[in-house]
Amino acid sequence: MCPGCAVRHLQHKGGSERPGERTLSGDLQRPTRIDVTRRMPGSASSSCLGPWPKDVGVIAMELYFPSQYVDQAELERFDGVAAGKYTVGLGQVRMGFCSDREDINSLCLTVVQRLMERSGLSYDCIGRLEVGTETIVDKSKSVKTVLMQLFEDSGNTDVEGIDTTNACYGGTAALFNAVNWVESSSWDGRYALVVAGDIAVYATGSARPTGGAGAVAMLVGPNAPLAFERGLRGTHMQHAYDFYKPDMVSEYPVVDGKLSIQCYLSALDRCYTVYRNKIHAQWQRDGSDKLFSLEDFGFLVFHSPYCKLVQKSLARLMLNDFLNHPSPDTETGHFAGLDSFRGVKPEETYFDRDVEKAFMAASAQLFQRKTAPSLLLSSQNGNMYTPSVYGCLASLIAQHTTSQLAGQRIGLFSYGSGFAATLFSLRVSQDHTPDSGLDKLVSSLKGLRLRLDSRTKVSPSDFSESMKLREETHHLANYVPRSPVDHLFPGTWYLTRVDDKHRREYARRPLDDELPAEPDLVRSGAASEHVPSPLKKMPRIPAAPAGPGAPSSN
């Protein structure tokens, strides 16, 4: 734990109320607290302050999604489409959405403050803050600079990083930047904080049920329970107009649906090939000639525009394994009965129903075991754009025990239209003992289903009116939002007004409903909640004690 965090906890020791003990966003669990007598899961040994900090990755995660949703089956009837078009054809159950009270700034304010309160960290422990989003409310001012208001009471302004934008890929680029910073000579020993957030809305029509909204915050540092596997990233970048937002006064994108699916699947093929070649090279250096396949991933999560595309994507990777295998067994096992597809060319199969059906059937068991649990948030809340793949990662963690996750390789495929994509992998820590970093992470996400179930269902007609209101008032100056705030989760930041110069003001719903809302400005809370480091310099992560409880490096 950095010195600033230790000071904060020591001053609160024996006190009546601790900020981290308050419940946010309907989560019924008590938050994970950090005991100053124990080693923080991200604390690094002195040797980690050299060129290669060990096991750099995700230490903690926090999710935010709207408190209201529309049921997709009811939306089918309201839209007058065939039953099952959204629920079966797309695989969507519910869709979260924001009223005119929420924007990208409020979503990110909420998820950052929630992570900091629940983890018990002081803001002066953060040395880098990266934001990935494609939801733009200002063409110059970044979301990151808005979030810096949360840091004011700590006195910490030495925070690197800025916003990154490329459709749904911005969150991944932000995460890579944070990891690279911790592993670089620029690292000063503090944590990095990555925020991915978006509001996905579409004009009335066939694309509207693929919307959603939300934000994910991730704390990044060494000795992480979810560590990046070094050198194992397969990336593909290419130019295409599959999905883009050229109208600066509208939230709605221009979408070429068929081209977008083709770009997604072709990027998946290319990224998997590059990733596979890189891991083969590593294995060969270690003297192994093993052939990499899907079985070498414990779990696989994907960017999820809609859940059915994710199922097709896993089938697509099995097709790649099948075509790449020098002599696949078509008599038994996963490839049984697929011999007739041996000569197909991947680039000719993006919309081949026979290939799709055969490999979805062949990969059905793998899908249920490795990927289906990751679709909880996606099916219940919809596409969140940049946070989508990380919401899937959180869903996967929330539905497994520490022993089921320990030591596993998790593959993640991130895609952003335009287009940019990467397949990379995380290695889960072997240490799943009580109070380990992995145990803290899993415990913090266990309430996900309860939080989803605590939302308010809104009728399709009210949802449609809310979308119309957003459309009419998006980017208006001298505007006061009309929607009520009593449906928002406790602790949620919301927009109070936009002045005549387009400057936005926010307030936070109290954690206790009996208290009044905070006034129209962004504050990080009472000054006693965030105690600056007593040191002249910004705090560094201290040396970790050696011992059997230390997370292993994989």
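Colleague: Which residue does Glu62 form a salt bridge with, at 2.8 Å between the closest N and O atoms?
Modeller: Arg118. A salt bridge needs a side-chain nitrogen of Lys or Arg within 4 Å of a carboxyl oxygen of Asp or Glu.

Colleague: What kind of model is this, and how are the residues numbered?
Modeller: It is a predicted model, where local features need pLDDT of at least 70 and side-chain atom pairs pLDDT 80 or more, while totals for chains, interfaces and linings use all residues. Residues count from 1 along each chain as its sequence is written, and side-chain values use heavy atoms, without hydrogens or water.

Colleague: Back to Glu62 and Arg118. Where do they lie?
Modeller: Glu62 lies in strand E1 and Arg118 in helix H3, so their pair ties together parts that are 56 residues apart in sequence. Helices (H or I, at least four residues) and strands (E, at least two) are DSSP runs, numbered from the N terminus.

Colleague: Are Glu62 and Arg118 buried or exposed?
Modeller: Both are buried. Buried is under 20% relative accessible area, exposed is over 50%, and partly exposed is in between (1.4 Å probe, protein chains only). Glu62 has a relative accessible area of 3%, which is why it counts as buried.

Colleague: What does Arg114 form a salt bridge with?
Modeller: Glu62 again, with the closest N and O atoms 2.3 Å apart. This pair also links distant parts of the chain. Arg114 is in H3, Glu62 is in E1 (residues 57–64), and 52 residues separate them. Arg114 is buried, at a relative accessible area of 1%.

Colleague: Which residues are linked in a network of salt bridges?
Modeller: Glu62, Arg114, Arg118 and Arg451.

Colleague: How many salt bridges does a search of the whole structure find?
Modeller: The search finds 25. Another one joins Arg128 and Glu160, whose closest N and O atoms are 3.1 Å apart. Arg128 lies in strand E4 and Glu160 in the loop between H4 and E5, so this pair ties together parts 32 residues apart in sequence.

Colleague: Is Glu160 buried, partly exposed or exposed, and what about Arg128?
Modeller: Glu160 is partly exposed, with a relative accessible area of 36%. Arg128 is buried, with 14%.

Colleague: New topic: rings. How many aromatic pairs are found?
Modeller: A search of the whole structure finds 21. One of them is Tyr123 with Phe151: the ring centres are 4.9 Å apart and the planes are at 70°, so the pair is edge-to-face.

Colleague: Where do Tyr123 and Phe151 sit?
Modeller: In two loops, 28 residues apart. Tyr123 is between helix H3 (104–119) and strand E4 (126–132). Phe151 is between helix H4 (143–147) and strand E5 (163–164). Tyr123 and Phe151 are buried.

Colleague: What is the geometry of the pair of Phe176 and Phe228?
Modeller: Edge-to-face, with 6.1 Å from centre to centre and 80° between the planes. Phe176 is in helix H5 (residues 170–182) and Phe228 in strand E8 (residues 226–237), so the pair ties together parts 52 residues apart in sequence. For the cut-offs, rings of Phe, Tyr and Trp (its six-membered ring) pair if their centres lie within 6.5 Å; planes under 30 degrees apart are stacked, over 60 edge-to-face, the rest tilted.

Colleague: Are Phe176 and Phe228 buried or exposed?
Modeller: Phe176 is buried, at 6% relative accessibility. Phe228 is buried too, with a relative accessible area of 11%.

Colleague: Which residues form one aromatic cluster?
Modeller: Tyr264, Phe302, Phe413, Tyr415 and Phe419.

Colleague: Now the sheet. In what order do its strands run?
Modeller: E5-E4-E6-E7-E1-E8-E13-E12-E11. These nine strands form an open sheet with mixed pairing. Two strands pair if DSSP finds at least two bridges between them.

Colleague: Which strands stand at the edges?
Modeller: E5 and E11 (299–302). Each has a single partner strand, so one side of each is left without a neighbour in the sheet.

Colleague: How many bridges join E6 to E7?
Modeller: Nine. E6 (residues 191–200) and E7 (residues 212–221) run antiparallel. Ala200 stands opposite Gly212 in E7.

Colleague: Last one: how many disulfides are found?
Modeller: Zero in the whole structure. A disulfide is a pair of cysteine sulfur atoms within 2.5 Å. Among the cysteines, Cys98 is buried at 2% relative accessibility, and Cys271 is buried at 0%.
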